[in-house]
Every structure is written in structure tokens, then in C-alpha cells.
Amino acid sequence: MNSKKIEIAVGLFVALGFAAFFMLALKVSNLISYESESGYKISASFDNIGGLRERSPVAVGGVRIGKVYSIEYDNESYEAVVTMEIEPQYNRFPTDTSAGILTAGLLGEQYIGLEPGAEEEFLTEGGKIDVTQSAIVLEEVIGQFLYSKADEKE
Amino acid sequence: MSFSRGSRQIFNDISLDIPRGKVTAIMGPSGTGKTTLLKLIGGQLKPDQGSVEMDGNNVHQLTRKDLYQLRKRMGMLFQSGALLTDINVFDNIAYPLREHTDLDDSMIRSLVLMKLNAVGLRGARDLMPSELSGGMARRVAMARAIALDPVMVMYDEPFTGQDPISMGVLVNLIRSMNQSLHLSSIVVSHDVPETMSISDYIYLISDGRVVTQGTPEELKNSSDPWVQQFIEGQSDGPVPFHYAASPVMQDLIGE
Amino acid sequence: MNVLDKLQKLGQSVISVFSRLGQATLFLYEILLTIPGLLLRPSLVIKQLYTTGVQTLVIILVAGCFVGMVLALQAYYVLVDFGAEDSISQMVVLTLMRELGPVMTGLLFAGRAGSALTAEIGLMKSTEQLSGMEMMAIDPMQRVMAPRILAGFLAMPLLTAVFMAVGVLGGYLVAVHGVGIFEGVYWSLAQLKVDFYTDLMNGMIKSVVFGFVIVWIAVFEGYDSVPTSEGLGQATTRTVVHSSLAVLGLDFLLTAIMFGDI
């Protein structure tokens with residue numbers, strides 16, 4: 001008798017819970033970007049990666065086209081090797097494309113910005129970007145500024 | 001068998017025989033552990049020494065499954081009735097039937113109504129336990145205890161706190177059900193007149209041992225002063241009226 | 001002399017903590033054994049899902065909404081000084097998913113459903129209903145305890161998801177309609193910055209763990225309670241206090257494990 005009402009209430013409750021979960025998963029998290037797991041990987045070496053982290057964005061002209069897949073240190077070349085995963089539909093990057101570590105906004109997070117080059121061949125899986133621009137480290141800039149100021153005085 | 005709870009020894013080497021088909025009473029002063037005895041028989045508690053045997057089975061050596069099978073043949077009436085408070089009278093009695101048998105709804109309905117009829121509460125089937133008086137709750141519990149047609153029923157203080165009419169009803173029911181259903185009944189109580197009126201055999205327990213045993217007649221004619229005090233309900237005798245204290249005059253004058 | 005007494009008391013209480021934990025674990029083990037059989041009777045679990053889950057839903061909805069709104073408000077006041085008020089959604093969603101969602105739902109659940117569970121079982125114990133069931137050859141572990149534990153285990157993540165969702169919506173109300181963040185910015189930034197696995201799933205894992213512990217404590221305290229009215233009150237209080245502390249303690253542990261690497 002009463003159990004019918006209880007069953008309906010519980011059913012609604014469970015449905016509500018799942019609905020909430022899916023709403024969160026789809027609207028508020030980056031679940032969608034996980035679907036395109038099958039990107040292609042290219043790498044680039046930097047002297048200093050600054051505040052770059054795994055999953056930091058990779059963008060061209062401000063548009064996100066991939067993410068940082070892994071960051072490693074090469075013991076022999078003394079450089080930081082960053083592997084990026086680019087979404088498969090963006091496969092027209094010339095082999096002389098350059099990569100720089102930029103900052104979003106003034107105090108924002110760091111990301112890799114790609115500047116397409118002019119070659120005719122395109123980067124593919126495992127490709128390497130040769131022209132890189134390391135991150136700007138604030139302390140170095142300030143140091144340079146102070147140094148040049150001291151120079152001026154003399 | 002012997003049984004202790006913590007540092008208190010409740011039963012010291014006692015021995016009881018419950019005959020089949022009869023009403024056996026276990027009486028004694030409050031707090032002698034009569035309820036504990038029922039729990040020991042039912043397998044809820046385990047004796048430290050000795051054994052409890054029912055129908056040739058050592059209760060405490062059975063596997064859990066077998067113990068549960070054995071319990072289906074025992075009915076127990078708790079002091080408070082112990083009805084499940086969230087379901088009504090009908091469902092309470094139907095509960096063991098639904099759990100332990102594969103009978104269909106119409107059969108269960110007939111059985112439940114028959115059991116209720118035996119205790120005279122067929123009309124109360126839709127009430128909730130909270131709506132029942134104490135006596136009615138006990139009768140419902142009784143109906144539930146016989147739901148699976150057990151061979152033995154244990155009654156824990158069935159008469160305590162009942163008005164004379166309910167008392168009379170319960171007394172009658174216990175005796176008549178024992179006869180008509182060929183049960184073996186164990187009644188634990190300290191209500192002397194009622195219990196004596198329906199029992200075939202009585203065990204008097206105190207201080208963890210059997211003080212005396214016999215038919216109601218034998219006990220009434222017993223020469224043991226303690227037995228006499230208990231049976232007659234005398235306020236003073238081997239069990240003194242005054243709790244141990246210094247002499248009156250000394251106390252009043254004050255120290 | 002006095003110091004020795006105190007040491008002895010301390011030793012005793014430490015031992016009793018472990019002994020209680022042991023009792024509770026054996027109790028849990030017995031219950032878990034009955035679960036395969038229980039799955040044949042889903043109606044018992046469903047009924048418990050109703051009392052633990054559905055009846056806690058209202059308080060979760062209200063609390064979630066308010067918490068989300070307050071979060072957004074406070075986030076705005078702090079972020080606006082950095083000109084970073086657009087990050088408001090990121091802060092609201094991450095805080096809700098990683099911490100506030102599971103923890104607050106856990107605390108509310110412990111207070112509402114946990115205490116009710118303890119009281120109910122304690123009452124069944126004191127009115128000898130549990131004994132009665134045993135004498136009717138019905139296993140109270142399977143019929144009474146196990147359904148409640150399963151239900152708590154299932155209800156908590158659902159409730160937590162609802163809390164998080166309502167919180168995010170509450171935050172949206174304050175951010176977009178209260179303080180003037182652009183709607184598109186609110187949702188897209190959250191989508192960008194919130195990671196499904198690290199943030200949402202970790203939060204859900206936390207809620208499952210919390211739910212399990214809360215219900216375990218609640219049911220055990222009820223089962224172990226002294227069958228008097230005073231004893232019942234003590235048991236209910238213990239449930240709320242212990243499970244709340246357990247939630248907070250486990251939260252720290254889980255946070256360290258889950259988010260410690262980043």
C-alpha cells in the first residue's frame with residue numbers, strides 16, 4: 001500500500017541524483033574534452049617552462065587546440081622537454097612552427113602558444129618543434145631592469 | 001549447566017527437565033535470571049559449562065542454519081510482546097510465515113486469521129502495535145509465537161502488570177493452547193497464583209540453583225520455610241523484610 | 001600515585017577504543033556476509049533508501065543552495081581585488097566538488113540520517129524486537145542492519161551530487177544575476193578548469209567513503225546502545241559526534257592522497 005509511494009519517491013530521488021551528477025559532469029567539467037583522447041603528440045624543448053603544468057592549454061591565436069601531455073627533463077641537453085597532445089582535427093602545422101610559453105592575462109596561468117611557420121610539410125605524431133621561446137621569469141626581468149637602470153646612472 | 005555474566009555467576013550448576021506436552025513453570029524472585037534462562041534455552045546466550053538439549057539436539061553445538069531451523073519449532077513470547085512497531089497486527093503475525101514458508105497470500109491470510117481467532121483478536125488485525133493495550137499486545141505476540149506451529153512455546157513473564165480480566169484471558173489461553181495444540185510450554189513468572197493454577201510442574205529457582213521442584217500440590221504442602229514464604233507471599237521469613245542495617249534505636253539516636 | 005592512576009586510565013581508554021573498533025569491525029563483517037542474500041530482497045533496501053536518502057534530500061537542497069551562494073559572494077569579494085572576478089565559477093565549482101560537497105553533505109547526513117538510524121535501532125533493541133526476530137529464526141543482521149548500511153552507501157553519493165549541483169546553481173545565481181559576471185563566462189570557465197576525474201570523481205569517491213563510515217557508526221552505535229532512554233540519547237550523540245569527526249578526519253586523509261600530487 002504505502003510501499004508504492006515509497007518506491008516512486010526513491011526512484012525520483014535516484015533519478016535526481018543521477019541528473020545532478022550528469023549536469024555536473026557535462027556542464028561544469030571538462031568531460032567533453034576527454035572524448036577527444038586520440039590526438040597526436042608533438043614535443044618541444046625549453047630552457048625554462050616557468051609555471052607550465054601538465055594539462056596546461058596549448059593554443060593558437062588564443063584558441064585552445066590541445067594540452068600539455070607531459071613535462072620531462074632531458075639530462076643531456078639540459079632542457080625541459082614538453083610533450084603536447086594536439087586534437088586530431090588541427091593537423092596543419094608546418095614543421096617550422098614555433099612554440100612559446102605565454103601568460104594568459106597579467107597574473108593568469110601559463111600556456112603554450114604556437115605560431116605557424118611557412119614550410120610545406122606538416123607536423124605529425126612524434127614531431128618536434130625546434131623554435132622555442134622560454135617562459136618569462138619575472139625575477140630575471142626585474143633584475144635586468146634594475147641592472148640597466150644602474151647602468152644609466154653611470 | 002552454569003552461566004556467568006561478567007563476574008556475576010547467574011546459574012551455578014543447575015539442571016532442569018522440561019517434559020513434553022506439559023506446562024512447566026519456572027518461578028523465583030525477581031532478578032534471578034529467569035529471562036536469561038530462556039535465552040540460554042533459545043540459543044541466544046551460551047552457557048559456560050554444561051549444555052542445553054532440545055529434542056536430542058545440543059542447542060549450542062548446532063550450526064547457525066540448524067539453530068535457525070530449531071528456532072522455527074520454538075515460539076517465544078517476550079515480556080513486552082516485542083512486536084515489530086512499524087507494521088500492523090496482521091503483518092506481525094504474517095511475518096514469520098512470509099519469511100519461512102512459501103505459502104501464497106490467501107493461505108497466509110487464512111492462517112493468520114486462524115491464529116488471531118485463537119487468541120480472540122481477529123477483529124484487531126489492522127491495528128498498529130502502538131494502538132494496542134498491554135494485554136492485547138501480549139495476545140498478538142502469542143498468536144505470532146504459534147504462527148509456525150511450534151512444538152514448544154516459552155512465555156517470559158506473561159502475567160506481569162495485567163488487570164484481572166486480561167490476566168484471566170492469558171491464563172486460560174496458555175493452558176488451552178497447550179492442550180489443543182499439543183505444545184510443551186515453559187512459563188517463567190513470579191505471579192504465584194496464576195502460574196500455579198495452570199502448571200503441571202514447577203521449578204523454584206533462587207541464587208542460581210534449583211531450590212525445589214514439584215507439582216503445585218507438592219509445593220503448597222512443602223515444609224521448606226522459604227518455599228512457603230514465596231508461595232504464600234509472606235512479607236517476612238527466610239527472605240527478611242529489613243535490608244541489612246544497624247539496629248533501629250542506634251540509627252534514630254544518631255551517631 | 002596520582003600519575004600512575006592517570007596513566008592507567010589512559011591506557012584503559014586507549015585499549016577500550018581499540019576494543020570498540022574491533023567489535024565494530026566484527027559487527028560489520030557479520031553484516032557484509034549477509035549481503036548476497038539481501039540482494040534477493042531489494043524492497044528492504046529501497047525502504048531504507050527512502051528513510052535515509054529521500055528524507056535528507058530537503059535539507060541538502062536548502063543547504064546546498066545557500067552554501068553555493070555564499071561561496072560565490074565571498075569569492076567575488078576576494079577576487080575582485082585582483083581583477084580576477086571571472087574566475088568566480090572556477091572557485092565555486094572546485095570548492096564544492098573537492099571539499100564542501102562531500103564534507104557538508106556528510107555532516108548533514110550524519111546529523112539527520114545517522115542519528116535517526118541509531119535511535120531507531122536502539123529502540124528496536126530496547127523493545128526486544130531484535131531478540132524477537134532472532135527467536136523467530138530471522139537474522140536481524142540481514143533484515144535490519146544490512147539494508148541500512150547498503151542504503152547509506154548508495155544514498156550519500158546521490159545526495160552529494162545534488163548538493164554540488166544545487167551549489168553550482170546557487171553560485172550561478174549570485175555570480176550572474178547578483179554581481180554581474182557574464183553567463184557564458186561562468187559556465188565556460190568552469191568547464192575548462194574543472195577536471196572530471198580529479199575533481200568530480202574524487203569528490204564522489206569521498207562521498208561514498210563518508211557514507212559508508214557514517215552508516216557503519218550509526219548502525220553499530222544503535223546495536224550496541226544501552227537499552228534505556230538515557231543510553232539511547234548517549235548513543236545518538238556518539239553517532240553524530242564520532243561520524244562527524246570521522247568525516248573530517250577522512251577528508252583530510254583523502255585530500256592528501258588525491259590532491260597531494262598537484
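Which residues do ring pairs link into a cluster? I began my notebook with that one, and the answer is C:Phe27, C:Phe220 and C:Tyr223. A reminder to myself before going on: this is a predicted model.

**Entry: aromatic pairs**

I counted the aromatic pairs over all chains and got 10. I then looked at A:Phe21 and A:Phe22, whose rings sit 5.9 Å apart centre to centre with 65° between the planes. I noted that pair as edge-to-face. For burial, I found A:Phe21 at a relative accessible area of 17%, so I wrote it down as buried. A:Phe22 comes out at 47% relative accessibility, so I listed A:Phe22 as partly exposed.

Next I turned to chain C, where C:Phe153 and C:Phe212 have ring centres 6.0 Å apart. Their planes meet at 80°, so I called this pair edge-to-face too. I liked this one, as it links distant parts of the chain.

**Entry: helix 3 against helix 8 in chain C**

How do helix 3 of chain C and helix 8 of chain C run, roughly parallel or roughly antiparallel to each other? I looked up the axes of helix 3 (residues 88–126) and helix 8 (residues 229–259) of chain C, which come within 9 Å and cross at roughly 155°. Angles over 145 degrees count as roughly antiparallel, so that is how I recorded the two helices of chain C. I also noted that their crossing is right-handed.

I then went through the residues that make the contact. On helix 3 of chain C they include C:Arg98, C:Glu99, C:Val103, C:Leu107, C:Gly111 and C:Gly114.

**Entry: chains**

Which chains have the most contacts between them? Two pairs of chains touch, and I found the most contacts between chains A and C. I looked at chain A and chain B too, but they do not touch. The nearest C-alpha atoms of chain A and chain B are 11 Å apart.

Definitions and conventions
Residues are numbered from 1 along each chain as its sequence is written. Chains are lettered from A and ligands numbered from 1 in the order in which they are written. This is a predicted model: local features need pLDDT of at least 70, side-chain atom pairs count only at pLDDT 80 or more; totals for chains, interfaces and linings use all residues. Side-chain values use heavy atoms; hydrogens and water are left out. Axes are lines fitted to C-alpha atoms, for helices over the stretch in contact, and angles run from 0 to 180 degrees between N-to-C directions. Helices (H or I, at least four residues) and strands (E, at least two) are DSSP runs, numbered from the N terminus. Angles under 35 degrees count as roughly parallel, over 145 as roughly antiparallel, 65 to 115 as roughly perpendicular and the rest as oblique. A crossing is left-handed if the near helix is turned anticlockwise from the far one by less than a right angle, and right-handed if clockwise. Contact means heavy atoms within 4.5 Å. Rings of Phe, Tyr and Trp (its six-membered ring) pair if their centres lie within 6.5 Å; planes under 30 degrees apart count as stacked, over 60 as edge-to-face and the rest as tilted. Buried means under 20% relative accessible area, exposed over 50%, partly exposed in between (1.4 Å probe, protein chains only).
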